[in-house]
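Here is a brief report on selected local features. Look over the sequence and the structure first.

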Amino acid sequence: MTLQIKDLSKTYGKKKALERFSYTFDEGVYGILGPNGSGKSTLMNLITDNSKRETGQVLYNSRDILPLGEPYRATLGYMPQQQGLYEEFSGRKFLYYMANLKGLRRKEAKGRIEELLSIVGLTDDAHRKTGGYSGGMKQRLLLAQALLSDPKILILDEPTAGLDPKERIRIRSYIARIAKNKIVLLSTHIVQDIESIATQVILLKDGKLLVADSPSNLIASICGKAYERYCAAEEMTQLQERYQMGNVYLRQDGEVLRLVGDSKPEGFAPVTQPLGLEDVYLYYYPSLMV
Ligand code: ADP
Ligand code: MG
């Protein structure tokens, strides 16, 4: 199974929301990482055909998705970034409603809905009105909704948005659990969301693909490029302004400023501990970490 994106572009007015994006997805979990406005949702809207493309192609198993139409849409599960719930519906009723919209027969839907409620840990709360759900519960219900038709391609636009760390871990582990034999695209601006589950990470900036690789290759590519120094609080602001970048760590013996770049800044020492994806982020989006 492949989903091939060729030269995909989208402009809003004068804004190039996505510019000549090309990439081939096969089975696996792909973390689409980038700051707000970098084009993540635009890419997902084009792949799900919720937005009209300008140039380029999206091919599912070598066939263009536009003439494919409904058979392609049936393979998709989509969790949009902004999505309302019917607050008066119970969680279970919401899933029946969505199943009906997707054309699932009630009989088939029943087993599937109970299975999904269990997968996302909502069985005990399924009878409650969604209006009373926490943010994490709502996101899990929306994830269940995206999985109703057992999609081969799962597109999740910031599924962890607005969640606390515990809920983020929870939803992440559900995604990891259901990802087998699927193409899963998961967008986020939070590195930790994809660190443990993405097989490939795609970095977007200003609508363009910066780099795409496995987390371990990305980390290896910045090996030896991270530098640190202890700083007094007054000095910290000065240094951050000077370099327009950096990540601040609090250690037992003081504050440490870490910079990641191609050359060693004066007075800094190379980091000897293993680096992580967060350092990769710092390398590609330096000014955003300040
Ligand atoms: P992300 O999901 O990474 O935050 P988006 O894909 O939503 O980024 O947006 C990319 C760029 O396109 C942004 O500059 C955004 O303002 C612009 N954009 C997205 N959707 C629209 C729209 N419907 N109308 C006008 N501009 C848009
Ligand atoms: Mg978005």
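## The β4–β5 loop

Asn61 sits in the loop that links β4 (55-60) and β5 (63-64). The model is a predicted one. Phi of Asn61 is near 45 degrees, which is positive in a residue that is not glycine. With a relative accessibility of 37%, Asn61 is partly exposed.

Ser62 is found in the loop between β4 and β5. Ser62 is not a glycine either, yet has a positive phi of about 70 degrees. Ser62 has a relative accessible area of 58%, over the 50% cut-off, so it counts as exposed.

## Asp206

Asp206 belongs to the loop between β9 (200-205) and β10 (208-213). Setting aside residues up to four places away in sequence, Asp206 touches Lys16 and Ser38.

Asp7 and Asp206 are 199 residues apart in sequence. In space, their C-alpha atoms are 15 Å apart.

## Helices α4 and α5

Two packed helices are described by the angle between their axes and the distance between the axes. For α4 (residues 91-101) and α5 (residues 106-119), the angle is about 135 degrees and the axes are 10 Å apart. The crossing of α4 past α5 is right-handed.

On the α4 side, the contact is made by Arg92, Leu95, Tyr96 and Ala99. On the α5 side, Arg106, Ala109, Lys110, Ile113, Glu114 and Leu117 take part. By class, this contact of α4 with α5 has six nonpolar and four charged residues, with no polar ones.

Note on methods: Residues are numbered from 1 along each chain as its sequence is written. Chains are lettered from A and ligands numbered from 1 in the order in which they are written. This is a predicted model: local features need pLDDT of at least 70, side-chain atom pairs count only at pLDDT 80 or more; totals for chains, interfaces and linings use all residues. Side-chain values use heavy atoms; hydrogens and water are left out. Helices (H or I, at least four residues) and strands (E, at least two) are DSSP runs, numbered from the N terminus. Buried means under 20% relative accessible area, exposed over 50%, partly exposed in between (1.4 Å probe, protein chains only). Contact means heavy atoms within 4.5 Å. Axes are lines fitted to C-alpha atoms, for helices over the stretch in contact, and angles run from 0 to 180 degrees between N-to-C directions. A crossing is left-handed if the near helix is turned anticlockwise from the far one by less than a right angle, and right-handed if clockwise. Ala, Val, Leu, Ile, Met, Phe, Trp, Tyr, Cys and Pro count as nonpolar, Asp, Glu, Lys and Arg as charged, and the others, Gly among them, as polar.
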